[in-house]
Amino acid sequence: MTAEIVVNTQNLHKRVMSPEGELTLLQGVDLSIAAGETVAIVGASGSGKSTLLGLLAGLDEPTEGQVSIAGQDLFALDEDGRARLRGEKVGFVFQAFQLLPNLTALENVMLPLELAGRHDARQVAEEVLQRVALAERASHYPKQLSGGEQQRVAIARAFAPHPQVLFADEPTGNLDRRTGERIIDLLFQLNAEQGTTLVLVTHDPHLAARCQRQLELDEGQLQMELEPS
Amino acid sequence: MNHFPLALRHLHREWRAGELKVLAMALIIAVASVTSVNFFTSRIHQALAGQANELLGGDLVYLSDRAIKAQRVARATELGLQSATTVEFPTMVLAGERNQLVALKAVSAGYPLRGQNRTAPRLFAADAAVTGGPAPGTVWGGSRLLTILGVDVGEKITVGNIDLKVAAVLTSEPDQSEGVLLNIAPRLLMHTDDLPDTGLIQPASRVVYRLLLAGDAEAIGQIRQEWQPGLRPGESLLDVQDARPEVRTALKRGEHFLALAALVSVLLAGAAVAMATRRFISRHLDNCAIMRCLGAEQAMISRLYLIQMAVLGLLASVVGIFVGYLAQWGLMLFLAPLAGIELPAPSLWPVALGLITGMVTLLGFAVPPILQLKNVPTLRVLRRDLGGLQANALSAYGIGILAFMVLVLFQAQNLKLAVAIVAGLLLVLLMLALVAGGLLLLLRPLRKKGGAAWRFGVVNISRRSGHSLVQMVGFGVGLMALLLLAVVRGDLLSEWENRLPADAPNRFLINIQPDQLEDVRDFLRAEGVEPPLLYPMVRARLEQINGKAIVPDELKTDRAKRLVAREFNLSWAEAVQSGNAVVSGSWWQPGDYGKAIISVEQSLAKELGLGLGDTLTYNVAGELFTAEISSLRRINWESFKANFFVVAPPGLLDKYPVNYITGFYLPAEQHAVLNRMVQQFPNIMVLDVATILNQVRDIIEQVIMAVEYVFIFTVLAGLMVMYATIHATLDERIREAAVLRTLGARRSQLLSSIMLEYTGLGLLSGLVGAIAAGAIGMVIAKQVFDLAYLPGPALWLSGMLIGAVGVGVAGTLGTRFVLNQPPLKTLRGA
């Protein structure tokens, strides 16, 4: 079965200027991820994982090469065009949760729906919060929630608009192991339910092992694909 | 897509979270202080102007050499104005065998519309204020006239064809002062109803008709607008500012003081809003990055913030206006009885001004930096070290400074004042930048010395140079404003009060004949009054300028026409009179005595277009003489001393008919001296300027009181700036304290480092603020208030002291709670 390719890169390079001269962060990365796949990007610190994620999500611009999401060449769009595309097709879960501190849990989940002009934002957000078992904490502010709860809100926020692709950057990095595992369970559960493509950056082999594919980065270069253990 | 509801929801959420409260509070206080100052100013202004109008007998006077047309009175009545008429002309009156030339004034019912006459029940008895003028069939005469005629109250005086009974002794008229020095003839007051029967008014009579008007300022303005363009020669419109230069100066100066106070509030408003915005922005960098991550376009983010700001600005302005009105109203409750004046209802202008101030301040100081938020790098969600906004200070605050200048111009209605304030602000910013830059240079070599703690501290200050600069700007601007009002204001006000010392002349003696000089001096000495200097006075009419006959119609201004229409009082003197200063040309030397040269007062010269070297030809009792202008003088008209537009050297005017004039201070309890003087020297006219003097003094006192009260609001605004400044960098400080405590810093170490930092910042900002306040004070003292002011070390020292103590204490108290927060909570929240 040849599934639809949702994330695709061609010859992706990222170089930055540093006081010691030009620094290569990514070097000729080619990858394609099919719809519904779960993929882990693994590698040591400084191997370029986060840089790659930033480029895949269109948060940063490559020095060379192409990225397309759902067939749309990201860098043929301007920054606003990419923002629109993210709003329509992409969800995020971050290591530092990135909830808006002044918004309640419910309002944080509503935010992407509101930005998209959805009138059923509250209803959808309530349903998703229910789904992550935080309905009773809907009116709490992030600082009143534990780390695990905050990440569940972030996951609810990411899934609420039904994105095609979900990028997760070290989603358990700030959590203890047990909480982390519960978060991962939730992530995979929702992923399965919605048929979302999941791209996960992690250095946790345990977490990476739960993905269908693992891509290893080393000094900016994609190594051979590791088979799931 | 309509973003309004979303923006409102966001505003609601931000508000609920307390994010916008400092910003809103800064704005509310700013608008409240500007509004209350303006409510207050507009009311005080109306009250003072009304009070000053007593000197005119009305709010506006229409003057004509022909009888007042009925339609003018009708028009005034139609506009809801009160009116009264007076008819004035010189005539002879008789009593038995004696006769005397009098300045007769017939007044209608209702006269005077403003102020009151004072009368005594018989000659030399105590006087009291009375309402209205003499009833038909009666007259009021001054004591000098009654003494000359040998009549007292109850006896009759023949005026033209009829006899009128003297009903009271007139001691003071509210509007006596206008051109009074020319009225050598004593005053007789009668009712206009009796005028036709006297048969005195003939077609060729030299009569001045006046229509006095009083009432609503808008209607007065309307009349002025309607009548001014159609005035023919012989007609004019006068308000108190035309009539009384001393009062005009006092009123203008008072308005400038209040404008200064209001301006400083505007300045503080901008500073407070800018400071509050800084914190708002630093807190919203992440939010913006996340929203962009979640699909928000730049334009959408801009729109969301813009709508939020507009709504916030509107709400805060409305609240501020309300608070300002309440504050002003409460102030009036206890100020009005103190000032002894009835205050008219405030005008609506301050409401508009408050709204404009609120919106312009917010749009100028908050919106440009907030709109830069849209440029925050989206990648910040992954890498937190990215983008602090590389905010260009000029583009972010340039608009704010521009907006401030617009507000200043709007508020000051005085270009010099506005320019001085704006230049002062720029001076502060420049000095602060230099000081901060210098400080960092100084610190650089210190980095390598001392222990770990010291190194950390020094490196920290350098690292946070931007943040230190922000605080210094906030504190510096706040302290400058406070010092400007606290110290400079005090010095300026006392300088102003000193202009009119308690013993300023309050009585003038006019028409002293040369052969009476010694007798008058002896008389005064015998009465225990130190004989004052007596000034010679020659009456002359100006006929030619540079040999060319003057055509009044060719003169540009009404004042110029009036000046040439009446006789000049020329004087001579060896030395420049005190209170006068030569501004161009040079005063004569003894060798110049008798030369045909003169010194002219500068405003007269300006009005008539005269300069050094021009010649003036005067007619003295039918004889012409020509003299060249050798110097121009500036006169301090507020001194209430006898002053002359034109002065000649000794020896030029001696041959003409001369009389002498003098002014001196007579305490109220020695009033009887004047009665004896009038009896002994009936030809000498005594002019009582105590009323005007007190009027001006009252105005000064009330303005000073008003400025003192307005100052309270400015202090509040200043404290708000301090508060906002401390808050602007609070987040960075909290995070830093948490890190330091995690690394093992003790609470006491952190506390003393915070104290030291704020005290140092306060010391430096205080010095810079004081230098700027002194410079602004000096400029506005000279340019705007026409007063002398020299800032000294006392100002700089108090600036440093106030800065160090005030900022030190406020900063420490404001950030102390940082130390009580568990570090983990702070770090986790970060």
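Predicted model: local features only at pLDDT ≥ 70, side-chain atom pairs only at ≥ 80, totals over all residues.
## A first residue

The side chain of A:Glu79 meets that of B:Arg292 in a salt bridge, with 2.5 Å from N to O. This pair crosses between chains: A:Glu79 belongs to helix H2 of chain A, while B:Arg292 belongs to helix H8 (residues 245-293) of chain B. B:Arg292 is buried, with a relative accessible area of 1%.

## Salt bridges

Side chains of opposite charge can pair when their charged atoms come close. Over all chains, the structure holds 31 salt bridges. One of them joins A:Glu61 to A:Arg82, whose closest N and O atoms are 2.9 Å apart. A:Glu61 lies in the loop between H1 and E4 of chain A, and A:Arg82 lies in helix H2 (residues 79-89) of chain A, so the pair ties together parts that are 21 residues apart in sequence. A:Glu61 is partly exposed at 46% relative accessibility, whereas A:Arg82 is buried at 2%. Both residues belong to a network of salt bridges that also links A:Glu79, A:Asp80, A:Arg86 and B:Arg292.

Another salt bridge is formed by A:Glu107 and B:Arg16, with the closest N and O atoms 2.6 Å apart. A:Glu107 lies in helix H3 (residues 105-115) of chain A and B:Arg16 in helix H1 (residues 4-16) of chain B, so this pair joins two chains. A:Glu107 is buried, with a relative accessible area of 9%, and B:Arg16 is partly exposed, with 31%.

Strands of a sheet pair through backbone hydrogen bonds, either parallel or antiparallel. In chain A, 6 strands form an open sheet with mixed pairing, in the order E6-E7-E8-E3-E9-E10. Strand E6 (90-93) and strand E10 (221-222) of chain A stand at its edges; each has a single partner strand, so one side of each is left without a neighbour in the sheet.

Strand E3 (residues 38-42) and strand E9 (residues 213-218) of chain A run parallel and are joined by 4 bridges. Within this pair of strands, A:Val39 stands opposite A:Arg213 in E9(A). Helix H6 (residues 177-194) of chain A packs on the sheet, where it touches E3, E6, E7 and E8 of chain A, and its direction makes about 155 degrees with that of E8(A). Helix H1 (residues 49-56) of chain A lies across E3, strand E7 (165-169), strand E8 (197-201) and E9 of chain A, and runs at about 155 degrees to E7(A).

## The sheet of four strands

Chain A also has an open sheet of 4 strands, ordered E2-E1-E4-E5, with antiparallel pairing. The edges are strand E2 (21-34) and strand E5 (72-73) of chain A, each with a single partner strand, so one side of each has no neighbour in the sheet. Strand E4 (residues 64-69) of chain A pairs with E5(A) in the antiparallel sense over 2 bridges. Here A:Ile69 stands opposite A:Gln72 in E5(A).

## A nonpolar patch on chain B

Which residues form a nonpolar patch on the surface? They are B:Phe322, B:Tyr325, B:Leu326 and B:Trp329, which together have about 420 Å² of accessible area. B:Tyr325 lies in helix H9 (residues 298-339) of chain B and is partly exposed, with a relative accessible area of 32%.

Definitions and conventions
Residues numbered from 1 in each chain as written. Chains lettered and ligands numbered in written order. Heavy atoms only, no water. Pairing = 2+ DSSP bridges. Contact = heavy atoms within 4.5 Å. Axes fitted to C-alpha atoms, helices over the stretch in contact; angles between N-to-C directions. Patch = residues over 30% accessible without salt bridge, like charges linked within 9 Å, V, L, I, M, F, W, Y side chains within 5 Å. Areas by Shrake-Rupley, 256 points an atom, 1.4 Å probe, with all protein chains shown as cover. Salt bridge = Lys/Arg side-chain N within 4 Å of Asp/Glu carboxyl O. Buried < 20%, exposed > 50% of the residue type's maximum accessible area, 1.4 Å probe, protein only.
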